[in-house]
Each structure stands twice: as C-alpha cells, then as structure tokens.
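The sequence and the structure are shown first.

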Amino acid sequence: MRDCGRAEVYAAEAAAFDGTDLELVRSFGEVSSAIAAVVEGPWWPGTPVRVVAARRDAASSSARERADSSTVIRLAADQTTIATAAHELAHALAGPGAGHSPVFLAAYLDVVAVVTNLDSRDRRHRLHVDQLRDALGAAGLAVGARTWPPPPEASGTAIAL
C-alpha cells in the first residue's frame with residue numbers, strides 16, 4: 001500500500017524545521033527523555049510508547065504498533081532529533097495505518113505543540129506549530145480533524161510539569 005503524501009510531509013518538515021534546534025542531533029537519552037515527558041505527561045491520549053535505538057545500519061527511524069497496542073519507536077543514530085521524536089510520536093497518536101494522512105498531520109501539529117513547550121524556561125508557544133502548519137499548506141497537504149483532546153498549548157493554556 002502506498003503512503004500518500006510521505007514525500008510532501010518530508011519536504012514540509014525540511015521547510016519548517018531545517019536550521020532550527022529541532023533538527024540538532026542529540027543524544028539518544030535526551031531524545032528518549034523528551035518522548036517520555038510527552039507520553040507520561042498530563043495530555044498524552046495515545047497508546048503506551050517504548051523507545052529503543054534502531055540497528056546501527058538503520059537509515060531511518062520508525063514507529064510500529066505491537067500486538068499489545070503499544071507503540072515501539074526506533075530512533076536511528078543520525079535521527080536523534082526533537083523533530084524526529086515529534087514525527088514518530090505523531091504516528092503513535094494517529095494510529096496504525098494512518099501513514100502520513102491528514103489525521104497524522106493533526107497529530108503531528110499537536111505533538112509539536114507539546115514537545116516544544118516542555119521546558120518552562122524555553123517555551124516556543126505556537127512558533128514551530130505555525131511553521132509546520134504553513135509548510136504543510138504550502139505543500140498542498142490538508143490537516144485532518146483530531147479525534148483526541150487538544151493539547152494544553154493548543155488550547156491556549158500553559159502545560160503544567
């Protein structure tokens with residue numbers, strides 16, 4: 001089955017995040033801690049998530065649902081970035097089979113809103129969400145409706161840590 005919109009999503013990510021600290025390669029521990037902060041935080045409406053390092057020869061990261069309905073995120077060594085973490089968490093939230101669909105895009109915007117506002121000393125508010133939304137629109141990608149509660153930042157309130 002073809003994943004419609006995949007190339008366009010990747011191009012929109014590059015347009016939105018290249019040159020920002022979201023694309024800085026960080027330690028596996030730092031990125032997995034950011035993922036844990038989202039998943040263990042008060043908002044996360046998705047399945048349980050486990051983060052593991054991908055094989056050494058893996059070229060890309062992935063998120064796969066397991067038989068127990070949890071999600072395993074595998075991070076490739078050269079993709080341990082906050083942007084990649086947000087992308088893979090969006091797959092976990094959108095659910096299996098969503099691919100890079102409009103529902104995935106809604107999940108992606110929500111995850112970016114949360115992950116870029118975890119640090120109370122460095123809140124991004126809607127900066128990166130707006131950059132991604134604009135880039136998705138410029139790529140001709142439609143964002144679907146969420147089927148989960150909006151994240152606190154998206155609703156205009158602060159995220160409590």
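## A network of charged residues

In this predicted model, D21, R26, E30, D122 and R124 are joined to one another through a network of salt bridges. Across the structure as a whole, the number of salt bridges is 8. Individual pairs are described in the sections that follow.

## A pair between helix α4 and a later segment

D110 and R146 form a salt bridge through their side chains, with an N to O distance of 2.7 Å. D110 belongs to helix α4, which covers residues 102–115, while R146 is found in the segment after α5 (127–138); the pair therefore ties together parts that lie 36 residues apart in sequence.

R146, with a relative accessible area of 36%, is partly exposed.

## Two further salt bridges

Another salt bridge links D57 with R55, and the closest N and O atoms of this pair are 2.9 Å apart. D57 is exposed, its relative accessible area being 58%. R55 is likewise exposed, at 60%. Both residues count as exposed because their values of 58% and 60% are over the 50% cut-off.

R121 and D119 also meet through their side chains in a salt bridge, at 3.1 Å from N to O. On the R121 side, the relative accessibility is 75%, so this residue counts as exposed. D119 has a relative accessible area of 30% and is partly exposed.

Where does S70 lie? S70 is located in the loop between β2 (62–65) and β3 (71–75). Is S70 buried or exposed? With a relative accessibility of 13%, S70 counts as buried, because this value is under the 20% limit.

The side chain of S70 takes part in a polar contact with the side chain of D68, at a distance of 2.6 Å. When neighbours within four places in sequence are set aside, the residues in contact with S70 are T47, P48, R64 and E65.

## Summary

The salt bridges described here include a network of D21, R26, E30, D122 and R124, as well as the pair of D110 and R146. S70, a buried residue, has a polar contact with D68.

Technical notes
Residues numbered from 1 in each chain as written. Predicted model: local features only at pLDDT ≥ 70, side-chain atom pairs only at ≥ 80, totals over all residues. Heavy atoms only, no water. Salt bridge = Lys/Arg side-chain N within 4 Å of Asp/Glu carboxyl O. Buried < 20%, exposed > 50% of the residue type's maximum accessible area, 1.4 Å probe, protein only. Helix = DSSP H or I, 4+ residues; strand = E, 2+ residues; numbered from the N terminus. Polar contact = N/O pair within 3.5 Å; in protein donor to acceptor, adjacent residues only side chain to side chain. Contact = heavy atoms within 4.5 Å.
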